[in-house]
Amino acid sequence: MKNVNNLKKADKEIAFWLEKETKRQIEGLEMIPSENYVSDVVMEAMGSILTNKYSEGFPKKRYYGGNDNIDEIEIIAQKRAKKLFGVEHVNVQPYSGSPANLAVYLATCKPGDTIMGLDLTDGGHLTHGWKVSATGIFYKSIMYHVDHKTGKIDFEELEKLVREHKPKLIWVGATAYVYEFPFEKLARIADISDAYLAADIAHVAGLVIAGAHISPAKYAHIITTTTHKTLRGPRGAMIMVTKKGLKKDPELADKVDRAVFPGLQGGPHDHTTAAIAVALLEASKPSFKKYGRQIKTNAKTLVKQLMKEGLKLVGNTTENHLLLVDLTPFFGPGGGFFAQYALDTAGITVNKNTIPGEPSSPFYPSGIRLGTPALTTRGMKEMEMKKIGHWIYQSLIAVREYKLPDKKEDRKKYLENFRNKVHKNSKLLAIKKEVKKFASKFPIFAW
Ligand SMILES: Cc1ncc(COP(=O)(O)O)c(C=O)c1O
């Protein structure tokens, strides 16, 4: 466990919760597909004195003095990202994935312009134009969908919508999509309205580098990614401009930079920039290729095991690091909450998630989303996935009798009662004990 002795002396309260969270991460199985464990050296860069510095602007063009060292660090991060992703320009300053995506709107559209993204309940991200997000408020967003039977993008509908609405910007990428992103097809469709195609590879960036997912570099004009998911870096993001993007708009790189600063942000988080650079170096090693491929193999093994146990999965497959379990045969509509809570009690962290054609709502969705990046970082392989798949099924069985009440006013009490009972459920607590013993064999700084 990371030592927080100094913090303990200075701030007992925070140190207490920090230690508890460390214990939770070590003893449990982290299966939220957007999470991972960074290396101790990435953390060292994150926790460094670079957090003290202000450096508004870009390398060699800063508004503050004392930035010679920071310039070098940011240039290294840019160079590493350009090489790894095969792109012409990289901005490593976005604070996280959402502001990175907002910067893309600012660089390519005027308020009120038409944009398109995958519907949130079909797996798209909030920032791809969902109605409650700034991106759906300030832009006219048209949502495309997946085929509700297969969970695959409905290309017929997408093409029809593009011809009808002539969007200026189209997003490809998602937060809960089990297939490989069809970048080439989307590029052809974007050409119909001469739209910018932005590939948001937040989830699959690490797989792209590992060669376990097709790269969008040839097809998209702009690529955005978070740096903390499969890429296994600190919380942050990058915006990349491809050769194709510069061909469409020679000023695109400048537009992206200006959108980030001064358009949206002030000083970059230099400690994050350094940690991104360290993570990119790690991602350039042959061992990262192995890691990326193992994530996918593990996800496929988990799909097989869960199906063998009798669960229904969206598409009954995965082509990346995540899988979506359709729980409607189990709990009826809206059962994701029961599953998430039961698994939490058993020491397995997942998130409730909508399924294509969601019969309930995003807050009470009917599925759960599982992923293998963090477990794979700990060194787990196919054999471990089989075991975990079995525990997942057993945990769901333990709460099978619950159903979300139809009437909204009945839900609060019902869920409270459910929680009170389930966190003492002996079957779940027995699984938790096994999980703890099992997890202790796989350190969180495994590689
Ligand atoms: C596809 C996609 N894009 C963007 C984001 C936003 O990233 P952040 O949470 O860092 O703002 C996420 C986060 O889950 C995501 O899945």
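1. A quick definition to start: two residues are in contact if their C-beta atoms, placed from the backbone, lie within 7 Å. With that in hand, and taking contacts in the protein chain between residues at least 6 apart in sequence, 73% join residues at least 24 apart. Keep in mind that this is a predicted model.

2. On overall dimensions, the radius of gyration of the protein chain is 22 Å, which agrees with the value near 22 Å that a compact globule would have with 447 residues. Along the principal axes, the C-alpha atoms fill a box of roughly 60 × 60 × 45 Å. As for burial, 50% of the 447 residues in the protein chain come out as buried.

3. Secondary structure next: the protein chain has 19 helices and 15 strands.

4. How is the chain divided? Domain 1 runs over 46-283 and domain 2 over 289-439. Their C-alpha centres sit 29 Å apart.

5. Now the place where the two domains meet. Domain 1 puts 22 residues in contact with 25 residues of domain 2. On the side of domain 1 that touches domain 2, the residues split into 10 nonpolar, eight polar and four charged.

6. One thing from the records: an unreviewed UniProt entry places the feature "domain: Serine hydroxymethyltransferase-like" at residues 7-392. In the model, that span is 45% helix and 14% strand, and its end C-alpha atoms lie 36 Å apart. Watch the bounds if you compare: the UniProt feature is given as 7-392, while the domain division used above has 46-283 and 289-439.

Notes:
Residues are numbered from 1 along each chain as its sequence is written. This is a predicted model: local features need pLDDT of at least 70, side-chain atom pairs count only at pLDDT 80 or more; totals for chains, interfaces and linings use all residues. Domain bounds come from an automatic or database domain assignment. Ala, Val, Leu, Ile, Met, Phe, Trp, Tyr, Cys and Pro count as nonpolar, Asp, Glu, Lys and Arg as charged, and the others, Gly among them, as polar. UniProt positions are given in the numbering used here, feature names are shortened, and annotations may be inferred rather than shown by experiment. Helices (H or I, at least four residues) and strands (E, at least two) are DSSP runs, numbered from the N terminus. The radius of gyration is taken over C-alpha atoms; the globule rule is 2.2 Å times the number of residues to the power 0.38. A residue is buried if 20 or more other C-beta atoms lie within 10 Å of its own, exposed if 12 or fewer, and partly exposed in between; C-beta atoms are placed from the backbone.
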